[in-house]
Amino acid sequence: MRHEVEPIGRHGHRVLPALFLIFGAACAGDGGQGDAPSTTVGDSAGIEIVESTRPLWSDSDGWRVESAPVLDLSASGAGPNHEFFQVRGMRRLSDGSLAVANGSSNEVRLYSADGSHTASLGGEGDGPGEFRAIVGFDNAGDSLIVLDANGRVTFFAPDLALLGTFSVPLPSGVIAESNAVAHLGNGEIVVETRTRFMFGYEGESAILRQPGGLFRVDAAGESADSIGVTAGNEVFMHVSSGGGAFAGPPLFGRDAFVATHAGRILLGDAIDMQVEEWTADGAPARILRIPGYSLELSADAFEREREALMPEDPTEVRPMNLEFLQDMPVPDRRPAYADMKVDPTGAIWLRPFLAPNERDGPETWQVLGPDGAWLGGVEIPADLSVMQIGMDFVLGVYRDELDVEHPRVLDLDRN
């Protein structure tokens, strides 16, 4: 069964009740397809398949993120409350105030709409409302949700009162993963957990992927149901010439991404230009993809990244560390994307994967509209880690030339 979807531009009128999208980059134009539809919808075994072949926006269309910040919390006040390091999340609340999860101090800080510090909560510790290592942060309306690396989830009311705390059961050697707590919109949350290391490895050196566990937890913390697994992150498991084995992140390694919108779960594994949509129970509902999208990675591009990590004097590093870099296999494909965000409309924003030495200037994120159509690219200012995308704003952390973190608010113009 297959039918065509009418293209939807910036001022389009047809909107399907869909939340499941995919992106493609670098293939603007009609690709020689003339008037053929850019997006088609089919199904396979009851799962809807949405495919896009080209963007709907022309070069003159599209949305715009202003490069100059409306607000910079590092410059809107003075003192320790306006100094940031290891920011784990940033959210705007209904009155325009801002909440920032600052990892180095394990606290959540609140700021007025004009950037004045108003309150802080948390701090390092094991007591109620305290954290050992903040790894995830989200909001449910004006309530705040904080995830600790030990799997403990803490809820705060809009007035910052402690609503409750509970722990997601974590097996030995497993941690809660960064940015892997998300509100489902129905009082429940989704938490991803991952294995920290691979123990007892007896194989040969290889790129391996560590699957993550996905849990659905009710707001009271009375139930934590396992609803599936994620693809997790890739590691290079290196077996040295001396017989020891250890794992580390590979160059051009893939990661998995979890997001939620209106009671649905969006999962990306970055293997292909594809994203899956699940129901809250973990049942696959949709697959969105761009078939034939090129992810070719040249050997030269890989070697440039490896060379940048090699020490000038090899005798100054441990032999097994040098072997780790020298023996790392060269993939023939790059990851499909490096981050995934969902805005309030249900549009999915995907960040292009760029290795450290490929980053030079703004990044063009690809956007898929709420009906699954590939809209086109939006330029995000250089050195900005996006934390939240709203209807008319983008929150992110900018790193300056001294590696100082600046939580910022930027205008988003959707025309």
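Q: Buried means under 20% relative accessible area, exposed over 50% and partly exposed in between (1.4 Å probe, protein chains only); what percentage of the residues of the chain counts as buried?
A: The model is predicted, so local features need pLDDT of at least 70 and side-chain atom pairs 80 or more, while totals for chains, interfaces and linings use all residues. Residues are numbered from 1 along each chain as its sequence is written, and side-chain values use heavy atoms, without hydrogens and water. Of the 415 residues of the chain, the buried share is 49%.

Q: How many strands does the chain have?
A: Helices (H or I, at least four residues) and strands (E, at least two) are DSSP runs, numbered from the N terminus. The chain has two helices. Its strands number 29.

Q: Which residue of S7 stands opposite Met 90?
A: Strand S6 (residues 87-92) and strand S7 (residues 98-102) run antiparallel, joined by five bridges; two strands pair if DSSP finds at least two bridges between them. Opposite Met 90 stands Val 100.

Q: Which residue takes a positive phi in the hairpin of S6 and S7?
A: Five residues lie between the two strands of this hairpin. The residue with a positive phi, near 90°, is Gly 96.

Q: Which strands stand at the edges of the open sheet of four strands?
A: The sheet has the order S6-S7-S8-S9, with antiparallel pairing. Each edge strand has a single partner strand, so one side of each is left without a neighbour in the sheet. The edge strands are S6 and strand S9 (117-122).

Q: Against which elements do the buried residues of H2 pack?
A: Helix H2 (residues 319-326) has Leu 322, Glu 323, Phe 324 and Leu 325 as its buried residues. They pack against strand S17 (224-239), strand S18 (245-248) and helix H1 (299-309).

Terms used: Contact means heavy atoms within 4.5 Å.
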